[in-house]
Amino acid sequence: MILKCLLNCRPTSSWKHSKIFKILPRNLLTSEKQKEFPTRCDILIVGGGVIGSSVAYHLKEKVGDKLSIVLVEADDTYRAASSALSMGCIRQQFTVPENIYLSRYGMEFLEKSHHLLKVPGLDPTDVQFHPRGFLMLASEASRGQLLENFKIQIDAGAKVELLSTEAEIKSRFPWMNTEGITAGVIGTANEGWFDPWSLLMGLRQKALSLGTHYIRGEFTGITIKENTTTTNLNIACLNLKRDKEDVLHEIEFATLVLATGHQSGKIGKLAGIGKGKGILSLPIPVEPRKRFVYCVHVPNGPGRDCPIFCDNTGAHFRPEATPNIYLCIKAPTQEEEPHTCNLNVDYEYFEKEIWPRLAKRIPSFENLKLRQAWAGFYDYNTFDQNAILGRHPALKNIVLATGFSGHGIQHAPGAGRAVMEYILYGRYLTINLERFGFERIINEKPLYEKNIL
Ligand SMILES: Cc1cc2nc3c(=O)[nH]c(=O)nc-3n(C[C@H](O)[C@H](O)[C@H](O)COP(=O)(O)OP(=O)(O)OC[C@H]3O[C@@H](n4cnc5c(N)ncnc54)[C@H](O)[C@@H]3O)c2cc1C
């Protein structure tokens, strides 16, 4: 049934080389060379972070050996991958209903991950989930937006509670200075944080165990070869660096999933997106945006009932499992955006822009000690800060899964399932994510997510 759907799915564009969703001949997938360095595959996933690995897992879990899947990942250490540097929070408090639904599936997945990601012979994955509600605060100026967001969340079935007066907030959180705060929304279920690395490794290990072929190497481009035995081949070029030597390798594929996180704008160009004419002149609008995470010790901090705290000034933090330890972050303004040529931390930013805001709101933060800090890149969609999912309208054998703009860890399970459905059935079956398609960029119709942290 699934394979029939795959074969029936034909491109509608005039892009003459598209042979999308075609299964490649089985007999070519079994040679010894193929096992070591596959030269053909049905699905080639570029990028093995949490999104690429979730796509691989969901596809393999559904069809097993019926599809050959190769995943190429440039850096097995994930040194600069967002997935490894994330804060690992999950929330329902979004303003686009699809994001709320994605988080809900994310929660369901995390709750069952122990079982879903179990690999015989290995310890079960423990994503170390800590349930904790987000508290979003508003001033008089932002109260209207908060109330609007709350309504969207309630309509989408989120478990959130409105705290509509300053006094109500003060009585719930006596350790807070509520001056200037007029309303708040707190999540009462399905929110918290988990260990992103454990989720990444769990998905990767499970996808591997189900038969995904992970290759360490760098995707460097696509070429089209014509007049060969299989006409109009799509060939991806990979650089499989071995002992610092470049080893170039070609692999034929039927469908390519582009899941390269913050590098997606650049990698898209290697695949021809943003380098051609017409639709192809539009690049994938995803670029790295540097964010700093500061880990602080507050000896007399808010205590065990502390929510994941989002001040109306944009500074926010979450508690760690160890008492009195907090991870703090704040999105910079456009003018403050740091350069992205390395992952060095700006300590001054904490002193000037974050600490004063938090200390004003929570007096005990005056006494904090900065323990450590790190930087990571958001996979920032400059167009509307939402994911870009689905087939590229001109290159129909390329499926995009990128641009999560700081909420990709929690949406990885849902995005993986969505891409699986899209590839196998040609449409979304569970959460309709059509609005996340690249078409909105062509049509200049942004779908803004207002609750970006
Ligand atoms: C500081 C910080 C805090 C965050 N906090 C949260 C949070 O609390 N909650 C949340 O939901 N999200 C959060 N995020 C966002 C989240 O981490 C990302 O949205 C998510 O990890 C994106 O996953 P990804 O797989 O798309 O990208 P990545 O994890 O970056 O993976 C992409 C992979 O592609 C590989 N790649 C790139 N180019 C090539 C190539 N040419 N060939 C082969 N491979 C290639 C890279 O090596 C990389 O491993 C945070 C991010 C940061 C930086």
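Author: Two strands pair if DSSP finds at least two bridges between them, and the strands (E, at least two residues) and helices (H or I, at least four) are DSSP runs numbered from the N terminus. Residues are numbered from 1 along each chain as its sequence is written, and side-chain values use heavy atoms, without hydrogens and water.

Reader: With which strands does β1 pair, and in which sense, parallel or antiparallel?

Author: Strands of a sheet pair through backbone hydrogen bonds, in either sense. Here β1 (residues 40-46) is parallel to β12 (residues 248-258), with 6 bridges between the two; within this pairing, I43 stands opposite T255 of β12. With β2 (residues 69-73), β1 forms 4 bridges, again in the parallel sense, and V46 has V72 of β2 as its bridge partner. Strand β1 is also mostly covered, as 7 of its 7 residues are buried (buried is under 20% relative accessible area, exposed over 50%, partly exposed in between, with a 1.4 Å probe and protein chains only).

Reader: How much confidence does the prediction carry on average?

Author: The protein averages a pLDDT of 90, and 90% of the residues score at least 70; pLDDT is the predictor's confidence in each residue, from 0 to 100. Residues 1-34 have a pLDDT below 50, although this stretch has 82 contacts in the model beyond near neighbours in sequence (contact means heavy atoms within 4.5 Å). Where pLDDT is low, the predicted coordinates should not be read in detail.

Reader: Which strand order does the open sheet of 3 strands have?

Author: Its order is β3-β8-β4, and the pairing is antiparallel. Strand β3 is joined to β8 (residues 192-193) by 2 bridges; I90 has G192 of β8 as its bridge partner.

Reader: What is the order of the open sheet formed by 8 strands?

Author: That sheet runs β6-β7-β5-β14-β15-β16-β13-β17, with mixed pairing. Its edges are β6 (160-163) and β17 (369-381), each of which pairs on one side only. On average, neighbouring strands in this sheet are turned by 20° against each other, direction ignored. Within it, β15 (residues 315-319) and β16 (residues 325-330) are antiparallel and share 5 bridges, and R318 has L327 of β16 as its bridge partner.

Reader: Which helix lies across β5, β13, β14, β15, β16 and β17?

Author: Helix α10 (residues 347-361) does, running at about 110° to β16. Angles run from 0 to 180 degrees between N-to-C directions of axes, which are lines fitted to C-alpha atoms, for helices over the stretch in contact. Residue E353 belongs to α10; leaving aside residues up to four places away in sequence, E353 touches K330, E336 and E348.

Reader: At what angle do the axes of α5 and α11 cross?

Author: Two packed helices are described by the angle and the distance between their axes. The axes of α5 (residues 97-116) and α11 (residues 408-425) come within 7 Å and cross at roughly 100°. This makes α5 roughly perpendicular to α11 (65 to 115 degrees; under 35 is roughly parallel, over 145 roughly antiparallel, the rest oblique). From α5, the contact involves N99, L102, S103, Y105, G106 and F109; from α11, Q410, H411, P413, G414, A415 and R417. These residues divide into 5 nonpolar, 6 polar and 1 charged (nonpolar: Ala, Val, Leu, Ile, Met, Phe, Trp, Tyr, Cys and Pro; charged: Asp, Glu, Lys and Arg; polar: the others, Gly among them).

Reader: Is L433 buried or exposed?

Author: L433 counts as buried, at 0% relative accessibility. The residue lies in the loop between α11 and α12 (439-442). Not counting residues up to four places away in sequence, L433 touches E98, L102, L389, A418 and Y428.

Reader: What is the phi of N324?

Author: Most residues other than glycine have a negative phi. N324, not a glycine, has a positive phi of about 65°. N324 is in the loop between β15 and β16 and is partly exposed, at 23% relative accessible area. S405 likewise has a positive phi, near 55°, and is a residue other than glycine. S405 sits in the loop between β19 (398-402) and α11 and is buried, with 1% relative accessible area.

Conventions. This is a predicted model: local features need pLDDT of at least 70, side-chain atom pairs count only at pLDDT 80 or more; totals for chains, interfaces and linings use all residues.
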